[in-house]
Amino acid sequence: MRDYTKVMDAETREKWGIQDLDDHDLESASATVAHLTRAAIYQTTPDGYPTGDLADVFAAATAAQAVYTAETGDPTGAAAESGSVSLGPLSLTSRPGGGQRSAQARMAALYAPRALEILAAHGLLNGAVGNSAWR
């Protein structure tokens, strides 16, 4: 598995506020971005990392995913499945089978909206050819 945080410089880590996240969170975000882009076609280095401006795109998507996961506290999307809600000391859980959410809702809980926007803007979702016009 590729760890896109390895192509991230300190400035990018600071910009996204991920310099203090632990390695597991960053590796998990990288795995998620790798999963989302598994069908994308783009130029790579001999090690399999994206080249040129696309390296920055992958780094930004990974950072966005890491931030989202840290903010939601739900790296697996399991909370979307459980149908539970917490507000301060109050916690409510639906009965088994009653809180089942659609696959789309579970995916929405798992994937960072900003990471999806970044990848989609550069043609890296759905097997498209990557566009290296990073802005």
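Predicted model: local features only at pLDDT ≥ 70, side-chain atom pairs only at ≥ 80, totals over all residues.

User: Which residues gather in a patch of negative charge on the surface?

Analyst: The general idea is that Asp and Glu count as negative. Here the patch brings together D9, E11, E14, D53 and D56. Two helices, α1 (10-16) and α3 (53-72), each contribute at least two of the residues in this negative patch.

User: Is E14 buried or exposed?

Analyst: A residue is called exposed when its relative accessible area is over 50%. E14, which sits in helix α1, has a relative accessible area of 59% and is therefore exposed.

User: Which residues touch the most other members of the largest nonpolar core?

Analyst: The members of such a core are buried residues joined through side-chain atoms. In this model the largest nonpolar core has 20 residues, and Y42, L119 and L124 are those that touch the most other members. Helices α2 (23-36), α3 and α6 (113-121) each supply at least two residues of this core. The greatest share comes from α3, which gives seven residues.

User: Where does Y49 lie, and is Y49 buried or exposed?

Analyst: Y49 is found in the loop between α2 and α3. The cut-off for burial is under 20% relative accessible area; Y49 has 14%, so this residue is buried.

User: What separates the C-alpha atoms of Y49 and V7?

Analyst: Sequence separation and spatial separation should be read side by side. Y49 and V7 are 42 residues apart along the chain, and 8.2 Å separates their C-alpha atoms.

Key. Residues numbered from 1 in each chain as written. Heavy atoms only, no water. Patch = residues over 30% accessible without salt bridge, like charges linked within 9 Å, V, L, I, M, F, W, Y side chains within 5 Å. Areas by Shrake-Rupley, 256 points an atom, 1.4 Å probe, with all protein chains shown as cover. Salt bridge = Lys/Arg side-chain N within 4 Å of Asp/Glu carboxyl O. Charge placed at Lys NZ, Arg CZ, Asp CG, Glu CD. Helix = DSSP H or I, 4+ residues; strand = E, 2+ residues; numbered from the N terminus. Buried < 20%, exposed > 50% of the residue type's maximum accessible area, 1.4 Å probe, protein only. Core = buried A, V, L, I, M, F, W, Y, C linked by side-chain atoms within 4.5 Å.
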